[in-house]
Each structure stands twice: as C-alpha cells, then as structure tokens.
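Here is a short report on one protein chain. Look at the sequence and the structure first, then read on.

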Amino acid sequence: MNLFERIKNSISADVHELLDQKEEKNPLSLLNQYLRQCELEVNKAHKLVERQQLLKDQFVREMEEAEAKAAKRAHQAEIAQQANEQELYQFALQEKEQHALRAANLKESTLQAEKDLVELEQKYEQMKHKLKDMQIKRMELMGRENVARAHQKMDRVIDPTHSIKKSAFRFDELESYMDRLEQKVNADYHASSMEAKLAKLEKDWKKEESSTTV
C-alpha cells in the first residue's frame with residue numbers, strides 16, 4: 001500500500017469516527033440525561049415523604065401526650081375539689097384546660113399532616129410510575145436505535161455506495177481532492193527529479209570538459 005492509499009484510508013477512518021460521534025448526539029442521550037434528573041427528583045420526593053411521615057408521627061405523639069396530661073389534671077382537679085383544696089383545684093383545672101386546648105390544636109395539625117402525607121404519597125407513587133414508564137420507553141428506543149445502527153453498519157458493508165450517499169460528507173469530492181494532490185506531488189517529484197538529472201548532467205559535463213582540457 002503506497003503513501004496516498006494510506007492517507008485516503010486514514011481520512012476515511014476519521015470521517016467514520018466523526019459520523020459515529022454525530023450519531024451519539026441523539027434524542028436517546030437527551031432522554032438518559034432527563035431520566036437521571038427525574039431519578040434525582042424521585043429520590044428527593046421520597047425523602048420528603050419520609051420527613052412528612054416523621055412529622056405526622058411527632059404530631060400524634062405530642063397530641064397523645066397533651067391528652068394524657070389533660071386527663072391527669074382533670075383527675076387531679078376532681079380529687080382537689082373533693083378534698084376542698086380550692087387553690088389546687090383551680091391550678092389543676094387551668095392546667096387541664098391548657099393541655100386540652102393544646103391537644104385540640106395538635107389534633108387539627110395531626111389531621112392536616114395526615115392529609116398532606118396522603119397527597120404526597122399519591123404524588124410520589126405517580127412519579128415512580130412515570131419514571132418507570134420512561135425507563136421502559138428508553139428500553140424501546142434503545143432497541144430501535146440498536147436496530148438502526150446495525151442496519152447502518154451492515155449497509156456500509158453490503159452497499160458502501162448507498163451508505164456514502166447518505167453520509168454528510170462528500171467522499172467523491174474527497175477522492176477527487178486526493179487525486180489532485182497525488183498529481184501535484186507526482187508533478188513536483190517529476191520536476192525535482194528532472195532538475196536533479198539536469199544538475200547531474202551539467203556536473204558530469206563540466207567534469208568531462210575539465211579532464212579533456214587537461
């Protein structure tokens with residue numbers, strides 16, 4: 001294989017490499033990027049659902065504690081009243097009312113937290129289903145892309161002319177350019193070769209002329 005054939009093959013290989021790189025920038029790569037972002041968002045949503053569950057559980061504990069304290073103070077107020085301990089009765093009664101009010105407020109907060117948790121869990125499940133659907137869609141696109149790539153690479157072997165015509169690069173122009181380059185190099189080589197022959201002829205002639213003169 002001569003120098004020009006190697007140059008042509010090298011350029012053709014570079015062109016195919018560029019085509020492969022161009023094929024990589026397709027909707028599938030964008031879908032993969034979008035899926036990675038969605039997976040991050042789903043993970044964040046999962047953490048928020050867990051946090052809401054912990055918050056709801058904390059509301060329940062606080063509410064139960066306030067109800068227990070209110071019940072305790074109510075019992076103590078009843079005992080103080082029976083013992084005719086007016087000061088202790090008033091203190092226990094006030095404490096019972098405060099705990100009861102706190103328990104009522106916490107009950108409302110607990111109900112709201114439970115409602116919010118249900119909504120978050122539903123949306124989280126929807127996000128998981130959506131993500132799963134997109135993952136399946138990616139598998140379908142990967143299959144279609146694989147078939148398309150396989151056909152394209154097979155077509156290059158089965159019908160190179162057809163593959164080249166579909167390429168964004170004009171290989172006929174490349175071939176023509178390489179031919180012109182080869183002709184120029186050959187012409188330059190021929191000219192330099194003739195120049196060298198003339199120089200040698202002139203040198204030999206001068207040498208012969210000098211020896212004849214002597």
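## Salt bridges: the count

How many salt bridges does the count come to? The count comes to six salt bridges. Keep in mind that this is a predicted model.

Side chains of opposite charge can pair when their charged atoms come close. For a salt bridge, the cut-off is 4 Å between a side-chain nitrogen of Lys or Arg and a carboxyl oxygen of Asp or Glu.

## Glu41 and Lys44

Start in helix H2, which covers residues 27–82. Glu41 and Lys44 form a salt bridge there, and their closest N and O atoms are 3.8 Å apart. That distance counts because the cut-off is 4 Å.

How far apart are the two residues in helix H2? Glu41 and Lys44 are three residues apart, so about one helical turn separates them. Glu41 has a relative accessibility of 42%, so it counts as partly exposed.

## Lys56 and Asp57

Lys56 pairs with Asp57 in another salt bridge. Here the closest N and O atoms are 3.5 Å apart.

Is Lys56 buried or exposed? Lys56 is buried, because its relative accessible area is 15% and buried means under 20%. Asp57 reaches 27% relative accessibility, so Asp57 counts as partly exposed.

## Glu125 and Lys128

Now move to helix H3, residues 86–158. Glu125 and Lys128 both lie in this helix. They are three residues apart, about one turn of the helix. A salt bridge joins them, with the closest N and O atoms 3.2 Å apart.

Both partners are partly exposed. Glu125 has a relative accessibility of 36%. For Lys128, the relative accessible area is 34%.

## The loop at Asn84

Where is Asn84? Asn84 sits in the loop between H2 and H3. Its phi is positive, about 60°, although Asn84 is not a glycine.

Asn84 is exposed, because its relative accessible area is 62% and exposed means over 50%.

His99 is found in helix H3. Its relative accessibility is 10%, so His99 counts as buried. Which residues does His99 touch, not counting residues up to four places away in sequence? They are Ala66, Lys69, Ala70 and Arg73. The side chain of His99 also makes a polar contact of 3.3 Å with the side chain of Arg102.

Ala103 lies in helix H3 too. With 5% relative accessibility, Ala103 counts as buried. Leaving out residues up to four places away in sequence, Ala103 touches Met63, Ala66 and Glu67. Another residue to look at is Phe59. Ala103 and Phe59 are 44 residues apart along the chain, yet 9.7 Å separates their C-alpha atoms.

## A nonpolar patch

Which residues make the nonpolar surface patch of about 360 Å²? They are Met154, Val157 and Ile158. Ile158 is in helix H3. At a relative accessible area of 67%, Ile158 is exposed.

Compare this with His99, another residue of helix H3. Ile158 is exposed, whereas His99 is buried.

Note on methods. Residues numbered from 1 in each chain as written. Predicted model: local features only at pLDDT ≥ 70, side-chain atom pairs only at ≥ 80, totals over all residues. Heavy atoms only, no water. Helix = DSSP H or I, 4+ residues; strand = E, 2+ residues; numbered from the N terminus. Buried < 20%, exposed > 50% of the residue type's maximum accessible area, 1.4 Å probe, protein only. Patch = residues over 30% accessible without salt bridge, like charges linked within 9 Å, V, L, I, M, F, W, Y side chains within 5 Å. Areas by Shrake-Rupley, 256 points an atom, 1.4 Å probe, with all protein chains shown as cover. Polar contact = N/O pair within 3.5 Å; in protein donor to acceptor, adjacent residues only side chain to side chain. Contact = heavy atoms within 4.5 Å.
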